[in-house]
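Subject: Structure for you to look at

Hello,

Here is the structure I promised to pass on. Please open it and keep it on screen while you read the notes below.

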Amino acid sequence: MRLPAALAAAALALGVSACQQPAIAAEKAVAAPAAKRVADEGAGLKTAIFAGGCFWGVEGVFSHVRGVKSAVSGYHGGTRRQADYKLVSSGVTDHAEAVKVVYDPAVIRYDQLLRIFFSVVADPTQLNRQGPDVGAHYRSALVPQSREQAAVAAAYLQQLRAAKLWSKPIVTRIEKARTFYPAETYHQDFMLKNPRHGYIVRWDAPKVKALKAMYPGVYAADFQPG
């Protein structure tokens, strides 16, 4: 994730490991199974939070899912005072880059969002990193917003471990819900606004392409702005 010039200079001074590392190889999509534990959240819009590395790509994928009303990039797991990109990227806070997804469960269920997340968004075997980006703020985590989501998330992680789709152990964790702080304006809808950005082209556009190929029934061609 390349920073604006002013922030890039500050990041360099802090030794930041931001989403701007050289790409070696694109991440591979995985055909995650349909969840055995189907979410039953009732009627009305629901909210889910996912941490899966650089929030540009997480937001970009979910913004192309039918039934998603908004996907907002932000920070979860730390304090309000430190919910700032320069601080989070320096690794001195407890935040994770995360995305808050508002969705209609009558169109797309929470368990289906989990399947998409593990299929094309995040590699659950990478500890405190995703792709080229390293640090605890790039950890993969599920942040349930209800008892139902917590039960579905736990059951699905157990199902994935039993399926042995990855050669390494799954390290994605379930985190207790804390305050979600929206990221700075320039991070919002980043893929929509910057489709030719080098990081987007190399790392995130392929995730959206995989979403379309693997789950055409839930893929939305238009980006849903947050």
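The largest nonpolar core in this predicted model has 55 residues. Which residues have the most contacts inside this core? They are F50, F62, Y110, I116, F118 and L142. Helix 4 supplies the largest share of the core, eight residues.

Click on Y110 next. Leaving aside residues up to four places away in sequence, Y110 touches A39, E41, A48, F50, Y103, L142, Q149, V152 and A153. Two of the names from the core list, F50 and L142, turn up again among these contacts.

What is the order of its strands? The sheet is open, has six strands, and runs 7-6-1-3-2-8 with mixed pairing. Strand 7 (173-174) and strand 8 (180-182) are at the edges. Each has a single partner strand, so one side of each has no neighbour in the sheet.

Take the pairs one at a time:

- Strand 2 (residues 68-76) and strand 3 (residues 96-103) are antiparallel and joined by eight bridges. In this pair, A71 is opposite V101 of strand 3.
- Strand 1 and strand 3 are also antiparallel, with five bridges. Here K46 faces Y103 of strand 3.
- Strand 1 and strand 6 are joined by four bridges, again antiparallel. G52 is opposite S140 of strand 6, and F50 is opposite L142 of strand 6.
- Strand 6 and strand 7 run parallel, with two bridges. A141 has R173 of strand 7 as its bridge partner.

How much of strand 1 is buried? Five of its seven residues are, so strand 1 is largely enclosed by the rest of the structure.

Helix 2 (residues 55-62) lies across strand 1 (46-52), strand 2 and strand 3. It runs at about 165 degrees to strand 2. Helix 4 (residues 110-121) packs on the sheet too, touching strand 1, strand 2, strand 3 and strand 6 (140-143). The direction of helix 4 makes about 15 degrees with that of strand 1.

Is helix 2 mostly covered or mostly exposed? It is mostly covered, with eight of its eight residues buried. They are F55, W56, G57, V58, E59, G60, V61 and F62.

Last, the charged pairs. How many salt bridges does a search of the whole structure find? It finds five. Here are some of them:

- R109 and D111 meet through their side chains, at 2.9 Å from N to O. R109 has 27% relative accessibility, so it counts as partly exposed. D111 has 3%, so it counts as buried.
- E175 pairs with R139, with the closest N and O atoms 2.6 Å apart. E175 is in the loop between strand 7 and strand 8, and R139 is in the loop between strand 5 (133-134) and strand 6, so the pair ties together parts that are 36 residues apart in sequence. E175 and R139 are both buried.
- E175 also pairs with R173, and here the closest N and O atoms are 2.9 Å apart. E175 counts as buried because its relative accessibility is 11%. R173 is partly exposed, at 44% relative accessible area.

Together, R139, R173 and E175 form a network of salt bridges. Find E175 in the viewer and you can trace its links to R139 and R173.

Best wishes

Technical notes:
Residues are numbered from 1 along each chain as its sequence is written. This is a predicted model: local features need pLDDT of at least 70, side-chain atom pairs count only at pLDDT 80 or more; totals for chains, interfaces and linings use all residues. Side-chain values use heavy atoms; hydrogens and water are left out. Two strands pair if DSSP finds at least two bridges between them. Contact means heavy atoms within 4.5 Å. Axes are lines fitted to C-alpha atoms, for helices over the stretch in contact, and angles run from 0 to 180 degrees between N-to-C directions. Buried means under 20% relative accessible area, exposed over 50%, partly exposed in between (1.4 Å probe, protein chains only). A nonpolar core is a set of buried Ala, Val, Leu, Ile, Met, Phe, Trp, Tyr and Cys residues joined through side-chain atoms within 4.5 Å. A salt bridge is a side-chain nitrogen of Lys or Arg within 4 Å of a carboxyl oxygen of Asp or Glu.
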